[in-house]
Amino acid sequence: MSEIGLVLISVGVVFDLFGCIGLVRLPDIYNRLQAATKCVTLGTCMILIGVAFYTGLDAIGVKAIICAVFILLTSPTGAHALARGSHRSGVPLWEGSVGDKYREDKEGGEVHEEA
Amino acid sequence: MIWWMFFSILALSGLMCLYRVGAGPTPPDRTVAIDIFGTLVVGFCALLGIIEGRDFFLNIAIAWALLSFLGTVALAKYLEGRGFDE
């Protein structure tokens with residue numbers, strides 16, 4: 001069991017690193033949000049499940065599983081609220097973006113402004 | 001040995017997040033980086049719990065995840081420019 005835990009923790013740590021590289025490298029807020037949120041949520045959940053595999057069902061393992069479920073529920077919710085808030089507060093998209101479906105929905109029609 | 005590798009990679013990721021907190025051009029960038037940093041700290045606390053063999057690090061992790069989520073949602077509503085009851 002501890003070998004499965006170590007493999008899960010290793011993969012999770014690498015996912016965290018890739019998510020943070022995306023957070024530094026990508027051009028605007030929306031790209032950074034999707035890269036960082038998806039990669040880091042999956043990576044941290046894999047670390048926590050790996051901790052639960054490594055220690056078995058004692059106090060650490062059960063708390064790790066509870067924490068993984070909690071992060072899996074709250075992190076996408078926070079990212080969605082943040083994307084909506086930043087779009088409504090008028091943060092512009094990157095100039096290479098090809099579409100803005102949320103603005104089309106809000107204005108009730110097609111908006112053709114290809115960059 | 002392998003635990004030092006895990007902690008080093010997580011610390012490097014945290015430093016990248018702190019770079020984005022400092023250099024983000026807009027306020028939502030900094031908020032995203034703080035949110036991601038909180039999620040990284042949760043994983044860090046879980047690994048510390050294994051190393052030390054004690055379970056109160058996981059309590060810290062659960063509380064940190066809860067506070068990080070509340071802070072993110074509050075900052076998102078503040079950026080949206082509306083009240084909390086809408």
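Is A:A52 buried or exposed? At 12% relative accessibility, A:A52 counts as buried. Keep in mind that this is a predicted model. The residue sits in helix α2 of chain A, and, once sequence neighbours up to four places away are set aside, it touches A:G61, A:A64 and A:I65. A:M1 is 51 residues away from A:A52 in sequence, yet their C-alpha atoms are 9.7 Å apart in space.

## Where the two chains meet

Let's zoom out to the interface. On the chain A side, 41 residues are in contact with 42 residues of chain B. Together the two chains bury about 3700 Å² between them, and 80% of that area is on carbon and sulfur atoms. As for the polar side of things, there are six residue pairs in polar contact between chain A and chain B, counting pairs with both residues at pLDDT 80 or more. Three helices of chain A, α1 (2–25), α2 (29–55) and α3 (59–88), each supply at least two residues of the side that touches chain B. The largest share comes from α3(A), with 17 residues. Sorted by residue type, the side of chain A that touches chain B has 26 nonpolar, ten polar and five charged residues.

## The nonpolar core

Now for the greasy part. The largest nonpolar core has 45 residues, and those with the most contacts inside it are A:I9, A:L48, A:V51 and B:L47. Both chains build this core: α1, α2 and α3 of chain A give two or more residues each, and so do α1 (2–23), α2 (27–52) and α3 (56–80) of chain B.

Leaving out neighbours within four places in sequence, A:I9 is in contact with A:M46, A:I47, A:G50 and A:V51 from chain A, and with B:W3, B:F6, B:L47 and B:I50 from chain B. Two of these partners, A:V51 and B:L47, are themselves among the core residues with the most contacts.

| Chain B residue | Chain A residue | N to O distance |
|---|---|---|
| B:D29 | A:R32 | 2.6 Å |
| B:D55 | A:K63 | 3.1 Å |
| B:E80 | A:R84 | 3.5 Å |

Take B:D29 and A:R32 to begin with. Their salt bridge has an N to O distance of 2.6 Å, and the pair crosses between chains, from helix α2 of chain B to helix α2 of chain A. Both B:D29 and A:R32 are buried.

B:D55 and A:K63 have their closest N and O atoms 3.1 Å apart, with B:D55 in the loop between α2 and α3 of chain B and A:K63 in helix α3 of chain A. B:D55 counts as partly exposed at 30% relative accessibility, whereas A:K63 counts as buried at 18%; the cut-off for buried is under 20%. Setting aside residues up to four places away in sequence, A:K63 touches B:D55, B:L58, B:N59 and B:I62.

Then there is B:E80 with A:R84, at 3.5 Å from N to O. This pair runs from helix α3 of chain B to helix α3 of chain A. Here B:E80 is buried, with a relative accessible area of 9%, while A:R84 is partly exposed at 28%.

## One more stop on α3 of chain A

Helix α3 of chain A also holds A:H87. Why does A:H87 count as buried? A:H87 counts as buried because its relative accessible area is 14%, and the limit is under 20%. Apart from residues up to four places away in sequence, A:H87 touches A:Y30, A:D100, A:Y102, A:R103 and A:K106.

Note on methods:
Residues are numbered from 1 along each chain as its sequence is written. Chains are lettered from A and ligands numbered from 1 in the order in which they are written. This is a predicted model: local features need pLDDT of at least 70, side-chain atom pairs count only at pLDDT 80 or more; totals for chains, interfaces and linings use all residues. Side-chain values use heavy atoms; hydrogens and water are left out. Contact means heavy atoms within 4.5 Å. Buried area is the accessible area (1.4 Å probe) that two parts lose on being put together, summed over both. A polar contact is a pair of N or O atoms within 3.5 Å; within protein, one must be able to donate a hydrogen and the other to accept it, and residues adjacent in sequence count only if both atoms are side-chain atoms. Helices (H or I, at least four residues) and strands (E, at least two) are DSSP runs, numbered from the N terminus. Ala, Val, Leu, Ile, Met, Phe, Trp, Tyr, Cys and Pro count as nonpolar, Asp, Glu, Lys and Arg as charged, and the others, Gly among them, as polar. A nonpolar core is a set of buried Ala, Val, Leu, Ile, Met, Phe, Trp, Tyr and Cys residues joined through side-chain atoms within 4.5 Å. Buried means under 20% relative accessible area, exposed over 50%, partly exposed in between (1.4 Å probe, protein chains only). A salt bridge is a side-chain nitrogen of Lys or Arg within 4 Å of a carboxyl oxygen of Asp or Glu.
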